[in-house]
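Me: I'm new to this one. Can you walk me through a few spots?
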Amino acid sequence: MDLGDCYRLLGLRSGASFADIKASYRRLVQQYHPDMNPNDEKAKDKFIALTEAYRFLQTVVPFEEIALKSNSSSSSSNSVSSYTEIKPQSSATATTVMPHPPTLEDIEQRLKWKTYEQLQRFLQERRFPQAIALVEALAARLPEDIEVRQWQAIAYQIWGRALIAEKQLPKARIYLKKALKTDPHNKTLLIEVQRDFQRLGQQF
């Protein structure tokens, strides 16, 4: 099940907010819950598929929830922790220094590197479909970020190489081509992918 399938199963468009995902999941699992549909295997299968899709989306669509928590904690603590009150000896010269709240760019950067850590874990655990879905979601959110594009290309290449080892050669070719298309100016990646294509040719 890929990212697009998960959205479609929940009746949503790709890129739907986490709040929408959660609301749709709750509505649908109530509809297809086995207790509400005794002896209905189709409803049971649908219920299981919905749960799997929701759990998968939870791993790749954390962005909005984290951003909202950041904004919420920022706004709720303004009266206590988000400013420093300086009280010199003379009350007439007392001033309050308020730092700037985190900008959208600050939040995006934190999310970017948090996602990178998750991407590394997925790749190390050989959870390649989840890694691809995660980095594609990040690339859709930060389309102009060169580093994210590099991570995306490398993830494609790593999965392509793994697919060669698993003898899934047509699929391997697709992901190796995606790697080159995603980051065409990366000479190191080009050399690595060319080697992978040579291995691929030897397998045919």
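What follows is a short chat about a predicted model.

Me: What does UniProt list for residues 153–186?
Reply: The unreviewed UniProt entry lists "repeat: TPR" there.

Me: And how much of residues 153–186 is helix?
Reply: The chain is 79% helix over that stretch, with 0% strand. The end C-alpha atoms are 9 Å apart.

Me: Where does K167 sit?
Reply: K167 lies in the loop between α7 (146–165) and α8 (169–182). Its phi is positive, about 65°, although K167 is not a glycine.

Me: Is K167 buried or exposed?
Reply: Exposed. K167 has a relative accessible area of 56%, and the cut-off for exposed is over 50%.

Me: New topic: what is the phi of R126?
Reply: The phi of R126 is near 60°. That is a positive value in a residue other than glycine. R126 is in the loop between α5 (104–124) and α6 (128–141). At 51% relative accessibility, R126 counts as exposed.

Me: Back to α8. At what angle do α8 and α9 pack?
Reply: About 165°, with the axes of α8 and α9 (residues 187–203) 10 Å apart. Angles over 145 degrees count as roughly antiparallel, so α8 is roughly antiparallel to α9. The crossing of α8 past α9 is left-handed.

Me: Which residues make the contact?
Reply: From α8, they include L169, A172, L176 and L180. From α9, they include L189, V193, F197 and L200.

Me: How many of the contact residues are nonpolar, polar or charged?
Reply: Between α8 and α9, ten are nonpolar, one is polar and three are charged.

Conventions
Residues are numbered from 1 along each chain as its sequence is written. This is a predicted model: local features need pLDDT of at least 70, side-chain atom pairs count only at pLDDT 80 or more; totals for chains, interfaces and linings use all residues. Side-chain values use heavy atoms; hydrogens and water are left out. UniProt positions are given in the numbering used here, feature names are shortened, and annotations may be inferred rather than shown by experiment. Helices (H or I, at least four residues) and strands (E, at least two) are DSSP runs, numbered from the N terminus. Buried means under 20% relative accessible area, exposed over 50%, partly exposed in between (1.4 Å probe, protein chains only). Axes are lines fitted to C-alpha atoms, for helices over the stretch in contact, and angles run from 0 to 180 degrees between N-to-C directions. Angles under 35 degrees count as roughly parallel, over 145 as roughly antiparallel, 65 to 115 as roughly perpendicular and the rest as oblique. A crossing is left-handed if the near helix is turned anticlockwise from the far one by less than a right angle, and right-handed if clockwise. Contact means heavy atoms within 4.5 Å. Ala, Val, Leu, Ile, Met, Phe, Trp, Tyr, Cys and Pro count as nonpolar, Asp, Glu, Lys and Arg as charged, and the others, Gly among them, as polar.
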